[in-house]
Amino acid sequence: MLMPPVDCMECALSLARLAMGYTNPNPAVGAVVVKDGFVVGTGYTQPAGFDHAEVMTLHQAGDKTRGASMYVTLEPCCHYGRTPPCTKAIIDAGISEVHIALLDPNPLVSGQGVKQLNEAGIKTYVGEYQQEAYEINEAYIKYITTRLPFVIAKFAMSLDGKIATKTGNSKWITNEEARRYAHLLRHTVDAIMVGINTVIIDNPHLTARGCSGKGGMKKKQPLRLVVDSKGRIPLNCHIFQPPGKVVLAVVEPLESEKKRTLMQTGAEVLELPGREGLVDIEEILKILGKREIVSILVEGGSKLLGSFFDHHLVDKVVVFISPIIIGGEEAKTAVQGCGINNISEAWHLNRVSTERFGDNMLVSGYMEKGKMEHQNAK
């Protein structure tokens with residue numbers, strides 16, 4: 001059915017957002033086909049192994065593709081992977097021009113998709129809404145260029161920086177609206193990581209609730225990963241209940257009987273090298289990258305978050321702030337670890353944004369990579 005003219009790249013970006021959380025390790029892409037000023041096809045990337053956005057859109061446009069224009073949020077792929085190259089489908093469909101928001105940094109594509117289209121006589125235009133397209137696939141972009149997951153550090157705190165009272169109580173610091181958003185955030189990542197103390201104290205489920213599938217696509221629950229150096233996790237924890245898989249990261253070697261008992265819960269026990277008796281989190285990220293885990297949400301506790309910051313492993317920070325005061329010297333702060341000696345060494349966020357959820361505030365931003373690299377070089 002024909003649709004009236006719209007901002008076509010904005011429409012493609014909206015479609016790409018619908019695919020977030022479904023497509024990993026592939027990027028989330030949206031596409032629109034326009035003929036004679038009307039939208040004749042729309043689509044977004046399906047789960048890995050199924051059609052990409054461009055092919056979905058061409059199928060919907062049907063016989064209206066010849067001489068039409070395509071708007072797509074990421075450079076069309078030009079190689080055979082789980083599916084054939086999208087450039088071939090675009091060329092065969094007779095598309096006359098392609099507007100591309102962002103070039104794909106994947107070494108198998110990286111400008112080659114544009115080159116193939118140009119060689120076939122198709123005009124290409126690159127860069128419209130580039131920043132928006134980048135943010136949709138920021139996790140994919142890090143993963144495809146480093147083979148390491150994109151790490152989001154997320155926590156909720158009071159105005160005085162506390163994540164729990166001195167007794168460990170933390171339910172609930174944030175309001176219901178903020179918690180709903182947190183579940184949407186969980187929905188977009190491949191894995192949620194917490195430390196063992198968080199599991200023992202809070203007994204969380206670590207599932208993405210209230211997130212139904214879109215367009216018939218089924219979303220798997222994120223992998224639930226507990227950093228539990230000594231295998232202390234109680235066997236009656238909520239985390240062992242479905243849905244979703246569980247991985248327990250422990251320091252090698254774990255006593256064989258304890259390992260056998262933990263495996264009987266259905267969890268995978270991942271034995272890793274240790275640093276001063278603690279699991280080497282850099283090694284965790286390498287292994288997860290090999291398993292095509294593109295993004296990780298690190299939800300705490302404060303020791304685990306501190307370790308990620310100390311080792312400069314955080315890419316993005318998401319903080320919910322509630323207008324309450326908890327107080328108390330023994331009440332836990334959001335980030336522990338070694339910390340810094342001078343304010344000039346503080347980890348700085350750029351591209352900071354804020355959002356309101358009732359009386360709660362969300363502050364998010366990206367770690368300043370230049371400063372992190374300078375600190376690493378010291």
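Visitor: In which strand is arginine 351 found?
Guide: This is a predicted model, in which local features need pLDDT of at least 70 and side-chain atom pairs count only at pLDDT 80 or more, whereas totals for chains, interfaces and linings use all residues. Residues are numbered from 1 along each chain as its sequence is written, and side-chain values use heavy atoms, with hydrogens and water left out. Strands (E, at least two residues) and helices (H or I, at least four) are DSSP runs numbered from the N terminus. On that basis, arginine 351 is found in strand S15.

Visitor: Is arginine 351 buried or partly exposed?
Guide: Arginine 351 is not a glycine, yet its phi is positive, about 50°. Buried means under 20% relative accessible area, exposed over 50%, and partly exposed in between (1.4 Å probe, protein chains only). With a relative accessibility of 40%, arginine 351 is therefore partly exposed.

Visitor: What is the relative accessible area of glutamate 276?
Guide: Glutamate 276 lies in the loop between strand S11 (274–275) and strand S12 (278–279). Its phi is also positive, near 55°, in a residue other than glycine. Glutamate 276 is exposed, and its relative accessible area is 84%.

Visitor: Which strands stand at the edges, each with a single partner strand?
Guide: Two strands pair if DSSP finds at least two bridges between them. Nine strands form an open sheet of mixed pairing, in the order S10-S9-S8-S7-S13-S6-S14-S16-S15. One side of each edge strand is left without a neighbour in the sheet, because each has a single partner; these are strand S10 (268–272) and strand S15 (349–357).

Visitor: How many residues of S8 are buried?
Guide: Leu223, Leu225 and Val227 point one way from S8, and Arg224 and Val226 point the other way. In a regular strand the side chains alternate between the two faces of the sheet. S8 is largely enclosed by the rest of the structure, since its buried residues number five of the five.

Visitor: Which residue in S9 is the bridge partner of leucine 225?
Guide: On one side, S8 (223–227) pairs with S7 (191–195) in the parallel sense over five bridges, where methionine 193 has leucine 225 as its partner and alanine 191 stands opposite leucine 223. S8 is also joined to strand S9 (246–251) by four bridges, again parallel. There, the bridge partner of leucine 225 is valine 247.

Visitor: What is the volume of the second largest pocket?
Guide: On a 1 Å grid over the protein atoms alone, a pocket is an open set of points where a 1.4 Å probe fits, with protein on both sides within 12 Å along at least five of seven lines. Grid points are joined across faces, edges and corners, and the volume is the space filled by probe spheres set on the points. For the second largest pocket it is about 890 Å³.

Visitor: Which element gives the most to the lining of the second largest pocket?
Guide: Lining residues have an atom within 4 Å of a point; of the 39 here, the closest to the centre are Met20, Glu135, Glu138, Thr188 and Lys316. They divide into 18 nonpolar, 13 polar and eight charged, where Ala, Val, Leu, Ile, Met, Phe, Trp, Tyr, Cys and Pro count as nonpolar, Asp, Glu, Lys and Arg as charged, and the others, Gly among them, as polar. Elements giving two or more residues include helix H1 (8–19), strand S14 (316–322) and helix H7 (176–188). The most, five residues, come from H7.

Visitor: What is the omega of the cis peptide bond from lysine 171 to tryptophan 172?
Guide: Tryptophan 172 is placed in the loop between S6 and H7. The peptide bond from lysine 171 is cis, with omega near -10°.
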